[in-house]
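Have your viewer ready, and let us start on the inside.

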Amino acid sequence: MRILSVAVATFAFAITSPLHAQTDEGKAVLAVVDKLFDGMRRGDTAAMRATFAPQARMLGVGRQGEARADGIDGWLASIGRQPAGTVLNERTWAPEVKVDDNVAQAWMQYDFHIGDRFSHCGIDAFDLLKIGGQWKIVSVLDTRRTTGCTGPANK
């Protein structure tokens, strides 16, 4: 009976634990996030925009503690206004991905640098939908802090 209990518990954990991009769908979800940040490093806002659904939103908490929800246009414009040669580098690690049919969520730690200068760190949380056979980001939530940052474990 004990062996059966351990087997059931192990199976239950396996089907409810996050996918660490083990599946093809999990890998495809993370590839979209990688494409977004690769585009940001290059200052390529067209490549960045291609990762988003048209109605995508940036969600978070403002400086006064208020909820904020904005379209992506302002954010992309701010990336495009960076001086030539400025590299905006958001490094992510420890991704957790959950996928069910055409809905996915990806959660990961990050740190952000402007050139060689550290800016902030936190958690990125992405909601994605599979639209026309392609994963598209529909919302981005993040936390931002300048202390308690651990840096990427194996990057």
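## Core, charges and a cross-link

In this predicted model, the largest nonpolar core has 26 residues, and Phe-126, Leu-128 and Ile-137 touch the most other members. A nonpolar core here is a set of buried Ala, Val, Leu, Ile, Met, Phe, Trp, Tyr and Cys residues joined through side-chain atoms within 4.5 Å. Buried means under 20% relative accessible area, exposed means over 50%, and partly exposed lies in between (1.4 Å probe, protein chains only). At least two residues of this core come from each of helix H2 (24-42), strand E1 (52-61), helix H4 (73-80), strand E3 (88-100), strand E4 (103-114), E5 and strand E6 (134-142). H2 gives the largest share, seven residues. Helices (H or I, at least four residues) and strands (E, at least two) are DSSP runs, numbered from the N terminus.

Two points on the ground rules: residues are numbered from 1 along each chain as its sequence is written. Local features need pLDDT of at least 70 and side-chain atom pairs count only at pLDDT 80 or more, while totals for chains, interfaces and linings use all residues, and side-chain values use heavy atoms, with hydrogens and water left out.

What is Phe-126 in contact with, leaving aside its neighbours within four places in sequence? Its partners include Val-33, Leu-36 and Phe-37, as well as Ala-104, Met-108, Ile-137 and Val-140. Contact means heavy atoms within 4.5 Å.

Now to the charged side chains. The whole structure holds seven salt bridges, each being a side-chain nitrogen of Lys or Arg within 4 Å of a carboxyl oxygen of Asp or Glu. Three of them are set out here:

| Pair | N to O distance |
|---|---|
| Lys-130 and Glu-25 | 2.9 Å |
| Asp-111 and Arg-91 | 2.6 Å |
| Asp-142 and Arg-144 | 3.0 Å |

Lys-130 pairs with Glu-25, and this links distant parts of the chain: Lys-130 is in strand E5 and Glu-25 in helix H2, 105 residues apart. Lys-130 is partly exposed at 29% relative accessible area, and Glu-25 is partly exposed at 30%.

Asp-111 forms a salt bridge with Arg-91. Asp-111 lies in strand E4 and Arg-91 in strand E3, so the pair ties together parts that are 20 residues apart in sequence. Asp-111 is buried, with a relative accessible area of 4%, whereas Arg-91 is partly exposed at 27%.

Asp-142 pairs with Arg-144, and Arg-144 is exposed, at 52% relative accessible area. Salt bridges that share partners join Arg-68, Asp-142 and Arg-144 into one network.

There is also one disulfide, where a disulfide is a pair of cysteine sulfur atoms within 2.5 Å. The bond joins Cys-121 to Cys-149, with an S to S distance of 1.9 Å. The torsion about the S-S bond of Cys-121 and Cys-149 is about -80 degrees, so the disulfide is left-handed. Distant parts of the chain are linked by this pair: Cys-121 is in strand E5 and Cys-149 in the segment after E6, 28 residues apart. Is each cysteine buried or partly exposed? Cys-121 is buried, with a relative accessible area of 3%, and Cys-149 is partly exposed, at 30%.
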